[in-house]
Amino acid sequence: GIMQIDASKTEVVIRVADFTAAYDGEVLMENISFEVRRGEVFVILGGSGCGKSTLMKHMIGLYKPAAGRILINGRDITCAVGAERREILSCLGVMYQGGALFGSMTLLENVRLPLEEFTALPPEAMNGIAAMKLSLVGLGGALHQIPAEISGGMQKRAAIARAMALDPDVLFLDEPSAGLDPITSAGLDRLVLSLSRNLGMTFVIVSHELPSIEAIADRVIMLDRRARKIVASGKPADLRRDSENAWVRQFFSRQPSPDGL
């Protein structure tokens with residue numbers, strides 16, 4: 001039953017420890033620590049300018065922290081170099097904000113790219129894997145279309161398929177529902193839930209879309225720009241009810257907030 005599923009989400013895949021991020025000499029967040037467990041949908045949220053996308057970019061190795069460690073399956077991405085760094089990175093799938101597909105390539109060619117970069121598989125194997133990933137996200141019939149020929153929601157799905165190309169341990173999605181209408185956005189939420197439940201995939205999602213967060217998140221951490229730290233963490237329903245922080249309760253009960261979140 002359900003208890004069993006929850007009990008299995010104890011293995012730590014990512015550990016962020018005593019992490020500080022600074023940009024142009026300004027500290028964005030200071031001394032924060034949290035863990036992401038295998039198989040959970042973990043959401044990083046907060047108002048604009050709180051650094052949630054910046055935090056994600058550190059977690060996928062794009063930026064170096066001012067202090068602290070980021071362990072992926074026990075290995076520190078902040079100081080890994082060469083083959084080790086490449087190996088850690090191949091365990092992470094990323095969908096950037098906007099999807100970032102290559103416009104001149106078909107969806108199949110887009111999804112093949114990570115396989116071309118990281119594997120020495122024969123071309124027909126790469127095509128087979130890419131086609132399978134596209135069918136997993138409901139795009140099995142659109143393999144040979146280019147991004148301009150499909151909707152925004154389908155482009156996001158294709159970008160998720162590309163992020164899944166190498167069977168990563170963790171899928172990072174940066175503002176996946178940005179720019180989508182509520183129905184398309186809900187469809188994307190259902191996709192994330194089905195990949196999580198059926199394939200046991202681990203997700204780290206940067207978002208500020210409350211309906212989406214409540215639909216998909218197992219746990220959230222909430223960053224606050226002024227406090228420069230995590231002001232809340234836990235299950236969305238618990239935070240709405242029990243958080244000591246008025247701002248957090250307001251966010252989850254959809255009340256307007258004085259700082260224009």
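**Figure 1. Leu 89 and its contacts.** Leaving aside neighbours within four places in sequence, Leu 89 is in contact with Ile 60 and Ile 77. This is a predicted model. Leu 89 is found in helix α3, which covers residues 82-89. Is Leu 89 buried, partly exposed or exposed? Its relative accessible area is 25%, so Leu 89 counts as partly exposed. The limits are under 20% for buried and over 50% for exposed.

**Figure 2. His 58 in helix α2.** Helix α2 spans residues 52-59, and His 58 has its place there. His 58 has a relative accessible area of 3% and is therefore buried. Which residues does His 58 touch, not counting those up to four places away in sequence? They are Phe 19, Ala 21, Tyr 63, Lys 64, Pro 65, Ile 70 and Ile 77.

**Figure 3. Ser 212 in helix α8.** Residues 210-216 form helix α8, and Ser 212 lies in it. Ser 212 is buried, because its relative accessible area is 6%. With residues up to four places away in sequence set aside, Ser 212 touches Ser 177 and Asp 189. How far apart in space are Leu 89 and Ser 212? From C-alpha to C-alpha they are 27 Å apart, and 123 residues apart in sequence. Ala 17 is 195 residues from Ser 212 along the chain. The C-alpha atoms of Ala 17 and Ser 212 are separated by 27 Å.

**Figure 4. Phe 252 and the nonpolar cores.** The largest nonpolar core has 48 residues. Which of them touch the most other members? They are Leu 134, Ile 160, Phe 203, Met 222 and Phe 252. A second core is separate and has 30 residues. Val 16, Ala 21, Ile 32 and Phe 42 are among them. Back to Phe 252: not counting residues up to four places away in sequence, it touches Leu 45, Leu 210, Ile 213, Glu 214, Val 220, Met 222, Pro 236, Leu 239 and Arg 240.

**Figure 5. The six-stranded open sheet.** In what order do the strands of this sheet lie? The order is β6-β7-β8-β3-β9-β10, and the pairing is mixed. Strands β6 (92-95) and β10 (229-234) are the edges, each pairing on one side only. On average, neighbouring strands of the sheet are turned by 15 degrees against each other, direction ignored.

**Figure 6. Strands β9 and β10.** Strand β9 covers residues 219-224. How many bridges join β9 to β10? There are five, and the two strands run antiparallel. Asp 224 stands opposite Lys 229 in β10.

**Figure 7. The protein as a whole.** The secondary structure comes to ten helices and ten strands. Along the principal axes, the C-alpha atoms fill a box of roughly 55 × 45 × 45 Å. Why does the radius of gyration agree with a compact globule? A compact globule of 261 residues would have a value near 18 Å, and the protein has 18 Å, so the two agree. Of the 261 residues, 48% count as buried. The accessible surface is about 12400 Å², and carbon and sulfur atoms hold 52% of that surface. Among contacts with a separation of 6 or more, 63% come from residues 24 or more positions apart.

Definitions and conventions:
Residues are numbered from 1 along each chain as its sequence is written. This is a predicted model: local features need pLDDT of at least 70, side-chain atom pairs count only at pLDDT 80 or more; totals for chains, interfaces and linings use all residues. Side-chain values use heavy atoms; hydrogens and water are left out. A nonpolar core is a set of buried Ala, Val, Leu, Ile, Met, Phe, Trp, Tyr and Cys residues joined through side-chain atoms within 4.5 Å. Buried means under 20% relative accessible area, exposed over 50%, partly exposed in between (1.4 Å probe, protein chains only). Contact means heavy atoms within 4.5 Å. Two strands pair if DSSP finds at least two bridges between them. Helices (H or I, at least four residues) and strands (E, at least two) are DSSP runs, numbered from the N terminus. Axes are lines fitted to C-alpha atoms, for helices over the stretch in contact, and angles run from 0 to 180 degrees between N-to-C directions. The radius of gyration is taken over C-alpha atoms; the globule rule is 2.2 Å times the number of residues to the power 0.38. Accessible areas come from the Shrake-Rupley method with a 1.4 Å probe; for residues, only the protein chains shown count as cover.
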